[in-house]
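Please examine the sequence and the three-dimensional structure shown here. The paragraphs that follow lead from the surface and the overall fold to some details of the backbone.

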Amino acid sequence: MQHRVRAVLLTPNDTMLLIKRIRPGVDPYWVIVGGKVEPTDASPEDALLREVREEIAGEAEIVGLLHTVEGDGERQDFYLATIEKWSFEDRSGPEFSQEGRGEYLLEEIPLTTGALDAVNLLPQEISTVLRAAVARGELTTVR
């Protein structure tokens, strides 16, 4: 089973960092920063911090595990994390230089249900979890 980790990155601006994916022939969609746990990673949390460094050149502070999505031979652990500084221009992940992968755009999305409703965040299950957490005011208490 493929193991992936994702960081729901909350900023001091009451926003969440998401990556907008634009690919030919596919409607735009948004994903949460993260990727595969590699054999060289000491733990899923170490993999998560490595992915944040690679994808947005930032240092995150992990708050805790928020949700797990399993299916299609894959497990995705979504961690809640905070971040204060990042630089999308300094990203180093290998996917950014692969031909045919489309565009990656880093966006700050306000922590509101309306803002989450306005984006096609995948997978749908984590989108539902985040909308419910925002509606209950749970994401503002971690900063």
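Predicted model: local features only at pLDDT ≥ 70, side-chain atom pairs only at ≥ 80, totals over all residues.

Buried residues account for 42% of the 143 residues.

The protein contains 3 helices and 7 strands. Along the sequence, these elements follow the pattern β-β-β-β-α-β-β-β-α-α.

The C-alpha atoms fill a box of roughly 40 × 35 × 35 Å along the principal axes. For 143 residues, a compact globule would have a radius of gyration near 15 Å; the protein has 14 Å and therefore agrees with that expectation. As for charge, the mean positions of the 15 positive and 26 negative charges are 2 Å apart.

The backbone also deserves attention. Most residues other than glycine have a negative phi, and most peptide bonds are trans. Asp-14, which is not a glycine, has a positive phi of about 60 degrees. Asp-14 lies in the loop between strand S1 (2-10) and strand S2 (15-23), and is partly exposed, with a relative accessible area of 42%. Ala-57 also has a positive phi, near 50 degrees. Ala-57 is located in the loop between helix H1 (44-56) and strand S5 (60-71), and is partly exposed at 31% relative accessibility.

Finally, the peptide bond from Leu-122 to Pro-123 is cis, with omega near 0 degrees. Pro-123 belongs to the loop between helix H2 (113-117) and helix H3 (124-135).

Key
Residues numbered from 1 in each chain as written. Heavy atoms only, no water. Helix = DSSP H or I, 4+ residues; strand = E, 2+ residues; numbered from the N terminus. Buried < 20%, exposed > 50% of the residue type's maximum accessible area, 1.4 Å probe, protein only. Rg over C-alpha atoms; globule rule 2.2 N^0.38 Å. Lys, Arg positive; Asp, Glu negative; His and termini not counted. Charge placed at Lys NZ, Arg CZ, Asp CG, Glu CD.
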